Amino acid sequence: MSTPRRYQFDNQLPALPQQQAPVYRPEPLEAPAVYDQQPVVVQHIHQAPPDRTVQRVALGAGVGGGAVAGAVYFGPLLVAALSSMAISLAVVALVVVVSAWGVVTVVRSIGGPDGKAAAKTLRRKG
């Protein structure tokens, strides 16, 4: 004797009632609060991070937000430009030193005794 198999469509339970989707019904806003006296605003002021010194000084001196925004934007830009110029000048100085060393070496090796004397003179003056 085997038990009969039951499939999903053999379920004898009644079907669930269809639920309708909730309908949005806007409600009017409540009236704004009326105060007897001026409300007290509690403002928490925290210390700014240490890299914002220029901005803090500017705001403390009464400078507007545009100047502070300019300092925030152009400050790092100025540092980057100055660093770039310094690196370029360092590379140029390195090229000049290497070129001078090369010229002295060539003059010393090719020039014979006169070249060695000229290189010695240049070394003393430098």
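**An aromatic pair in a predicted helical chain**

A search of the whole structure, which is a predicted model, finds 1 aromatic pair.

Visitor: Why is the pair of Tyr 73 and Phe 74 called edge-to-face?
Guide: The ring centres of Tyr 73 and Phe 74 lie 4.9 Å apart, and a pair requires centres within 6.5 Å. Their planes stand at 85 degrees, and planes over 60 degrees apart count as edge-to-face, so the pair takes that name.

Visitor: What makes Tyr 73, Phe 74 and Leu 77 a nonpolar patch?
Guide: A patch of this kind joins nonpolar side chains within 5 Å, from residues with over 30% relative accessible area and no salt bridge. Tyr 73, Phe 74 and Leu 77 form such a patch on the surface, with about 360 Å² of accessible area together. Tyr 73 and Phe 74 are both exposed, a word kept for residues over 50% relative accessible area.

Visitor: How do you know that the chain follows the pattern α-α-α?
Guide: The chain has 3 helices and 0 strands, and reading along the sequence gives α-α-α. Of its 126 residues, 4% count as buried, a term meaning under 20% relative accessible area.

Terms used
Residues are numbered from 1 along each chain as its sequence is written. This is a predicted model: local features need pLDDT of at least 70, side-chain atom pairs count only at pLDDT 80 or more; totals for chains, interfaces and linings use all residues. Side-chain values use heavy atoms; hydrogens and water are left out. Patches are made of residues with over 30% relative accessible area and no salt bridge: like charges are joined within 9 Å, nonpolar side chains (Val, Leu, Ile, Met, Phe, Trp, Tyr) within 5 Å. Accessible areas come from the Shrake-Rupley method with a 1.4 Å probe; for residues, only the protein chains shown count as cover. A salt bridge is a side-chain nitrogen of Lys or Arg within 4 Å of a carboxyl oxygen of Asp or Glu. Rings of Phe, Tyr and Trp (its six-membered ring) pair if their centres lie within 6.5 Å; planes under 30 degrees apart count as stacked, over 60 as edge-to-face and the rest as tilted. Buried means under 20% relative accessible area, exposed over 50%, partly exposed in between (1.4 Å probe, protein chains only). Helices (H or I, at least four residues) and strands (E, at least two) are DSSP runs, numbered from the N terminus.
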